[in-house]
Amino acid sequence: MHEIEWSKLPFGYFKTDYNLRCYYRDGKWGEIEISSSEIVNMHMAATCLHYGQEAFEGMKAYRGKDGKVRLFRWEENAKRMQRSAEGILMAKVPETLFKEMVFKVVKLNERFVPPYGHGAALYIRPLLLGSGVQIGVSPANEYMFMVFVGPVGPYFKEGFNPVKMQVIRDIDRAAPLGTGHIKVGGNYAGSLRASERAKSEGFASVIFLEAKEKKYIDEAGPANFFGIKDKTYITPKSDSILPSITNMSLMRLAEDLGLKVERRQVAVEELAEFEEAGACGTAAIISPIGTIVERESGKIYTFSKDGKAGPWSTKLFQKLQGIQYGDEADEHGWVTVIE
Ligand code: PLP
Ligand code: COI
């Protein structure tokens with residue numbers, strides 16, 4: 001293997017040694033298979049290819065100073081994948097199977113878990129596919145669950161430096177009673193036009209509004225949104241955003257740090273009152289937001305005047321990463337060491 005430049009890793013695909021696969025047939029899950037192939041063999045009439053029966057997860061394994069490899073709140077990812085499966089009528093992956101495959105694939109690819117101190121981690125991508133054949137629109141009878149991994153760096157090239165984001169009103173990511181609250185591929189397909197346009201216009205990401213009234217913030221591309229004012233951590237409540245495990249954890253850590261926490265509708269105009277703003281997620285960790293521009297009106301909201309993250313975002317980032325890498329006591333029992 002060529003030397004990997006751990007501190008220069010982008011957030012991207014990286015070939016590793018093994019992935020794991022398991023098939024649901026005749027109403028039950030089979031044996032776990034180890035594969036070195038990057039290719040999936042799929043029937044051309046499989047429901048994942050036509051009717052979007054596909055869900056995925058995103059988690060990370062972190063190597064500590066002690067050399068140990070830690071997973072952060074994997075049970076929450078297992079549960080969320082079950083909710084995704086329920087939401088689009090796929091076979092659910094039992095928590096025990098999810099755990100076995102995630103832990104095993106990390107072990108098998110342990111040489112790709114970045115060493116401590118580079119801000120990198122091993123990204124884990126569990127993927128559930130409708131592999132059974134249908135031509136009429138109905139759920140498949142067969143499913144494939146696979147897990148692959150790859151070392152990654154920060155999602156936004158800026159790392160922990162403030163990014164620019166764009167509020168838009170002419171494209172929705174998810175419908176109010178649709179699938180925005182689960183992690184299915186269709187949501188991401190629906191977001192591409194908006195996010196590519198934002199990138200071409202010089203923004204790191206798009207901020208989607210709830211689709212009905214276009215008044216309140218939903219989420220920030222592939223991450224949840226939060227703002228901070230008057231010692232309060234404020235994050236949107238909406239049925240069309242993905243419940244972020246990072247955000248759930250930050251709400252808890254914010255309380256631990258003495259902030260009040262509010263989960264409620266956040267009107268776009270309220271941006272003018274925030275002292276800090278950020279995007280949070282497994283891939284993004286915390287990405288501080290420096291500027292938000294409303295695309296239609298050109299209105300600008302500024303959160304960072306010195307090009308640096310704000311003090312509360314910095315404390316939250318350090319606390320979260322401290323727990324994930326094992327530098328800080330795991331007071332909430334969020335971390336599992338992979339033995
Ligand atoms: N929102 C969306 C649309 C996402 O894709 C993600 C990534 O998983 C998140 C939010 C953040 O969720 P989590 O913190 O569980 O990774
Ligand atoms: C994550 O934060 O883990 C994500 O899945 C975001 C994106 C890469 C889809």
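Helices (H or I, at least four residues) and strands (E, at least two) are DSSP runs, numbered from the N terminus. On that basis, β12 (223-229), α5 (245-256) and β15 (276-281) each supply at least two residues of the shell around ligand 1. This is a predicted model, in which local features need pLDDT of at least 70, side-chain atom pairs count only at pLDDT 80 or more, and totals for chains, interfaces and linings use all residues; side-chain values use heavy atoms, leaving out hydrogens and water. Residues are numbered from 1 along each chain as its sequence is written, while chains are lettered from A and ligands numbered from 1 in the order in which they are written.

**Ligand 1**

- Ligand 1 is surrounded by 16 residues, where a residue counts as near if one of its heavy atoms lies within 4 Å.
- The closest of these residues are Tyr188, Glu219, Ser244, Thr246 and Thr282.
- By class, the shell around ligand 1 holds 6 nonpolar, 6 polar and 4 charged residues; Ala, Val, Leu, Ile, Met, Phe, Trp, Tyr, Cys and Pro count as nonpolar, Asp, Glu, Lys and Arg as charged, and the others, Gly among them, as polar.
- Polar side-chain atoms lie 2.5 Å from an oxygen atom of ligand 1 in Tyr188 and likewise 2.5 Å from an oxygen atom of ligand 1 in Thr282, while for Arg80 the distance is 2.8 Å.
- The protein covers 97% of the 390 Å² of accessible area that ligand 1 has on its own, with areas taken from the Shrake-Rupley method with a 1.4 Å probe.

**Ligand 2**

- The residues around ligand 2 include Phe11, Phe56, Tyr123, Arg125, Tyr155, Lys183 and Ala283.
- The shell around ligand 2 divides into 7 nonpolar, 2 polar and 2 charged residues.
- An oxygen atom of ligand 2 is 2.9 Å from an N or O atom in the side chain of Tyr123, and the value for the side chain of Lys183 is also 2.9 Å.
- A polar backbone atom of Ala283 is 2.9 Å from an oxygen atom of ligand 2.
- Of the 280 Å² of accessible area that ligand 2 has on its own, the protein covers 90%.

**The largest pocket**

- On a 1 Å grid over the protein atoms alone, a pocket is an open set of points with protein on both sides within 12 Å along at least five of seven lines, a cavity is a set where a 1.4 Å probe fits but cannot get out, and lining residues have an atom within 4 Å of a point.
- The largest pocket has a volume of about 800 Å³, a volume being the space filled by probe spheres set on the points, which are joined across faces, edges and corners.
- Of its 41 lining residues, the closest to the centre of the largest pocket are Tyr155, Tyr188, Gly221, Pro222 and Ala223.
- The helix α4 gives the most to this lining, with 8 residues.

**Cavities**

- There are 2 cavities of 30 Å³ or more.
- The largest cavity contains about 100 Å³ of space, and of its 13 lining residues the closest to its centre are Tyr62, Phe72, Thr246, Thr282 and Gln324.
- The strand β5 gives the most to the lining of the largest cavity, with 3 residues.

Key. A polar contact is a pair of N or O atoms within 3.5 Å; within protein, one must be able to donate a hydrogen and the other to accept it, and residues adjacent in sequence count only if both atoms are side-chain atoms.
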